[in-house]
Amino acid sequence: MKKMERDLLILSYLRQNARMKLTEMSRQSRVPVSTLFDMIRSFEMRGVINKLTSLVRFESLGYHGRAIIVLAACKNDRQGLQEMLECNRNVNSLYKINNGWDFMVELVFPGIKEVEDFIEDLEEKFQLRDKKVFYVVDEIMKEKFMANPKAFKMLGVVV
Amino acid sequence: MKPEIIRLLNEIRKNSRSSLTDLSYRTGMPLSTVYKRVCKLEDSGLITRHVALIDFEKVGYPFKVGVFITSKQRKDFEEYIKESDNLNTLMKLSGDYDYYAELIFKDMNGYQDFEEAMKSSKFVKKHKIHFMSDVRQECSEIR
């Protein structure tokens, strides 16, 4: 198995279940436990793995105000806006985007009112050229890309 | 929800490969309780999955796009887009667009094929595509 193919296979196990025991991963992938340990540490140190996290059902936790907002800010406010969004505890994810916009933000709040208050607060503090708000009705699928180790096996990646 | 459960959720979201010992230390709960709580959170579906968030550019997939879509036939569109091997995330929206989809591509050819498919698809009324780069992901704090 080529190194890159092996890396992708192990990453797909971690995408499927980041808490998978190394003994189980070793059994399925036929890669020794010690090698897996070194690989995962290397992935983290090189920044291949940004974060090992757990996805939660926010609605079950009382967070019914979920929204995706796209923002276009004036040039002078972009840095400050980014810093503010990075520190905010209700910002679940933040992306830089193109196509006439600056940021895409995934927000998680208890309700729609709090989302609207947050946006109003943004408009007071920063000069926004434009904004669009989309409320999330349902999360159908999340972080599914490269999350199926069997797909790699079907491609003949496993030795 | 009890404060210790919220603390446990936040700790496991910071690092989902944390050992039970580590989680016990950080939350102040006994190890056996941590184990039972994590199992319960998983079984109840409150934790849907533990996942590694990858810098896909570093593994040869540099093109990440977010697509907002208005569809003509919603159920048919959902089945259509779910067949894409490049699909990462799919959410149903309210407002100007019906769906938000996130896709990841190895090269521009793959992206352009997708863009053409969107333009010619009988299930897509209108769409808008943005190229994205990650700043931070899954960082909200549960309170």
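Lys132(A) is partly exposed, its relative accessible area being 32%; here buried means under 20% relative accessible area, exposed over 50% and partly exposed in between, using a 1.4 Å probe and protein chains only. The model is predicted, so local features need pLDDT of at least 70 and side-chain atom pairs count only at pLDDT 80 or more, while totals for chains, interfaces and linings use all residues. Residues are numbered from 1 along each chain as its sequence is written, chains are lettered from A and ligands numbered from 1 in the order in which they are written, and side-chain values use heavy atoms, with hydrogens and water left out.

Lys132(A) sits in strand β5 of chain A, residues 128-141 (helices, H or I of at least four residues, and strands, E of at least two, are DSSP runs numbered from the N terminus). Between Lys132(A) and Leu71(A) there are 61 residues in sequence, yet their C-alpha atoms are 6.8 Å apart. Beyond neighbours within four places in sequence, Lys132(A) is in contact (heavy atoms within 4.5 Å) with Ile68(A), Ile69(A), Val70(A), Trp101(A) and, from chain B, Asp96(B).

In chain B, Ser121(B) occupies the loop between α5 (108-120) and β5 (124-136). Ser121(B) is buried, at 10% relative accessible area, and its side chain reaches the backbone nitrogen of Phe123(B) at 3.0 Å.

Turning to the cysteines, Cys74(A) is partly exposed at 22% relative accessibility, and Cys39(B) is partly exposed at 24%. Over all chains the structure holds zero disulfides, a disulfide being a pair of cysteine sulfur atoms within 2.5 Å.

Definitions and conventions:
A polar contact is a pair of N or O atoms within 3.5 Å; within protein, one must be able to donate a hydrogen and the other to accept it, and residues adjacent in sequence count only if both atoms are side-chain atoms.
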